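User: Please take a close look at one residue of this structure and its surroundings.

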Amino acid sequence: TGTGKELVAKALHEHGRRKAKPFLAENCAAVPADLLESELFGHKKGSFTGAVADRPGHFVAADGGTVFLDEIGDMPLAMQSKLLRVLQEGEVRPVGSNKVVHVDVRIVAASNKDLRAMCREGSFREDLYFRLAVVTIQLPPLRERKGDVRHLVRFFLERMAEEMGREAVVTDEALALLDRWRWPGNVRELENEIRRAVALSDDAIGPEDLSPALRGV
């Protein structure tokens, strides 16, 4: 969790031949099971309470592009069966419709769980796993990615300058502390640390502007 899975998925999309088409992401753990099918495959007006209009769903909206399914290990088994059919047939059927829509999307799926172990336990479909795991990328925790902290700090400083209208630099002493920390929250923790430091510091972020834990206090 927090290692930057969606950033990797976006990079795959933006450096591939589908980059001119949409990139849509869905966190399978954040959407209730009864709504996930509608989010992914769409629905017809009146198909359930609250369906006041037709909705295309991610697979149709991202036709020609990429759909990123984060935390796919949390997808209910019933939805896994429906997703498998979409991947096999290349078509989706919106909720409440008897018509199928042909789609051409690239799937990038991510999980912080051991999907092979879940297959052995019966909580994740093995046929879906092999359909998805054509190319597997292991994204290690930030503490194991030597040199990444410095690159990410520079990236986040640029982002904060745009978002907050405040430009800042990091002193060598502060950068050494950032480089040394183990980052249990991974990239997300680093981003929050830089955001906090930019908000509370002057133009230069020094050790005194970092969280007490990073300073060893």
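In which helix is Leu128 found?

Analyst: Leu128 is found in helix H6, which covers residues 126-132; helices (H or I, at least four residues) and strands (E, at least two) are DSSP runs, numbered from the N terminus. The model is predicted, with local features requiring pLDDT of at least 70 and side-chain atom pairs pLDDT 80 or more, while totals for chains, interfaces and linings use all residues. Residues are numbered from 1 along each chain as its sequence is written, and side-chain values use heavy atoms, leaving out hydrogens and water.

Leu128 has a relative accessibility of 0% and therefore counts as buried (under 20% relative accessible area; exposed is over 50%, partly exposed in between; 1.4 Å probe, protein chains only). Setting aside residues up to four places away in sequence, Leu128 touches Gln80, Leu83, Leu84 and Leu87 (contact means heavy atoms within 4.5 Å).

The axes of H2 (residues 33-41) and H4 (residues 77-89) come within 11 Å and cross at roughly 15°, so the two helices are roughly parallel (angles under 35 degrees; over 145 is roughly antiparallel, 65 to 115 roughly perpendicular, the rest oblique). Axes are lines fitted to C-alpha atoms, for helices over the stretch in contact, with angles from 0 to 180 degrees between N-to-C directions.

Within H2, the buried residues are Leu36, Glu37, Ser38, Leu40 and Phe41. Their cover includes H4, helix H3 (58-61), and strands S1, S2 and S3 (91-92). Just after H2, Gly42 takes a positive phi of about 85°.

The whole structure holds four aromatic pairs (Phe, Tyr and Trp rings, the six-membered one for Trp, with centres within 6.5 Å; planes under 30 degrees apart are stacked, over 60 edge-to-face, the rest tilted). One of them is the stacked pair of Phe23 and Phe68, at 6.4 Å centre to centre and 20° between the planes. Phe23 lies in S1 (residues 23-27) and Phe68 in S2 (residues 66-70), 45 residues apart, and the pair links these distant parts of the chain. Phe23 is buried at 19% relative accessible area, and Phe68 is buried at 0% relative accessibility.
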